[in-house]
Amino acid sequence: MLETRNIEIYYGKIMVVRGLSIKVQKGEIRAILGANGAGKSTTLKTIMGYLDDQPEKGTIWFNDKRIDRLKTEQIVPLGIAYVPEGREVFPELTIRENLIMGAYTRSGDCSAEIDRVFNYFPVLKDRLKQQAGTLSGGEQQMLAIGRALMSKPALMILDEPSLGLSPLLVTEIFDIIRTINQEGMTILLVEQNARKALSVAHHAFIMETGRIVLEGPPDKLMKNEDVQEFYLGMQQEESIKGYQRYKRKKRWR
């Protein structure tokens, strides 16, 4: 459905993405994992046409149509919706107005899509006239996802949906992501919470300094020692548990 072919992205003279090639298959969740500065969000912004004259090299294809020189307003109607990092709802607009803005590329009645959003996020239904800026971070994330759904996309791109949320809300958001996918939505996900991302993804890419250094199904990546140490923190967790066991033994001697 979506494919980047050897794309290179620059900020000034600095190359931040180096020969990146990824594919997103229809019906799947594909995740890009990596530390801050790896180039993950830059890749998503380039796919969506946010960055002028990028990529410098390479091409981007969506449903066999080349999109790397299109503007954002030309890309969205093709069937791609984007939920940016930090949510970026319209703070002075109401929940209903934010949702309507998500359907600006469509014509006709959108009440069925609004009902669908409320099925996913019933907490929003009772607050239609509440300004989005007064919502909690978790509620704003729900609204941002709901707004993206309003355009009836074939592909949804999510950038750090767990950022700044409590563990309980993170679990709720990822449950919704899984449900949306099971109902047919293809999803490209960028996420620093590797455990949560791998729990929902069908395939994942590990990105470092602008390049894909590892990829594969989640069960395979979970067994990789580097992924365990640097992205899942398993070695650190075992060290902590070992130290705690040592302290308990010492206490009872």
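A polar contact is a pair of N or O atoms within 3.5 Å; within protein, one atom must be able to donate a hydrogen and the other to accept it, and residues adjacent in sequence count only if both atoms are side-chain atoms. The model shown here is predicted, so local features need pLDDT of at least 70 and side-chain atom pairs count only at pLDDT 80 or more, while totals for chains, interfaces and linings use all residues. Residues are numbered from 1 along each chain as its sequence is written, and side-chain values use heavy atoms, with hydrogens and water left out.

**View 1**
Start with the loop between helix H1 (40-47) and strand E4 (57-62), where you will find Gln 54. Helices (H or I, at least four residues) and strands (E, at least two) are DSSP runs, numbered from the N terminus. A polar atom of the Gln 54 side chain lies 3.1 Å from the backbone nitrogen of Glu 56. The peptide bond leading from Gln 54 to Pro 55 is cis, with omega near 5 degrees, and Pro 55 also sits in the loop between H1 and E4. Gln 54 counts as buried because its relative accessibility is 10%; buried means under 20% relative accessible area, exposed over 50%, and partly exposed in between (1.4 Å probe, protein chains only). Not counting residues up to four places away in sequence, Gln 54 touches Glu 8, Ile 9, Tyr 10, Thr 46, Asp 68 and Arg 69, where contact means heavy atoms within 4.5 Å.

**View 1. Arg 5 in strand E1.**
Here we look at Arg 5, part of strand E1 (residues 2-11). With 36% relative accessibility, Arg 5 counts as partly exposed. Leaving aside neighbours within four places in sequence, Arg 5 is in contact with Leu 20, Ser 21, Gly 58, Thr 59 and Trp 61. Lys 23 is 18 residues away from Arg 5 along the chain, and their C-alpha atoms are separated by 8.7 Å.

How many of the 13 residues of H5 are buried? Twelve are, so H5 is largely enclosed by the rest of the structure. Among them are Gly 138, Met 142, Leu 143 and Ile 145, as well as Glu 139 and Arg 147. The buried residues of H5 pack against strand E6 (80-83), helix H3 (95-102), helix H4 (111-120), strand E7 (155-159) and helix H6 (167-182). You can check the length of H5 (residues 137-149) too: at 1.5 Å a residue, its 13 residues should span 18 Å, which agrees with the 19 Å between its end C-alpha atoms. The expected span is 1.5 Å times one less than the number of residues.

**View 2. Where domain 1 meets domain 2.**
The domain assignment gives domain 1 (1-79 + 153-236) and domain 2 (83-149), with bounds that come from an automatic or database assignment. The contact takes 21 residues from domain 1 and 16 residues from domain 2. Together the domains bury about 1,600 Å², 67% of it on carbon and sulfur atoms; buried area is the accessible area (1.4 Å probe) that two parts lose on being put together, summed over both. Five residue pairs are in polar contact across this interface. On the side of domain 1 that touches domain 2, H6 gives the most, with six residues.

**View 3. Two loop residues with positive phi.**
Glu 88, in the loop between E6 and H3, has phi near 55 degrees, a positive value in a residue other than glycine. Glu 88 counts as exposed, at 53% relative accessibility. Lys 152, in the loop between H5 and E7, has phi near 50 degrees, also positive.
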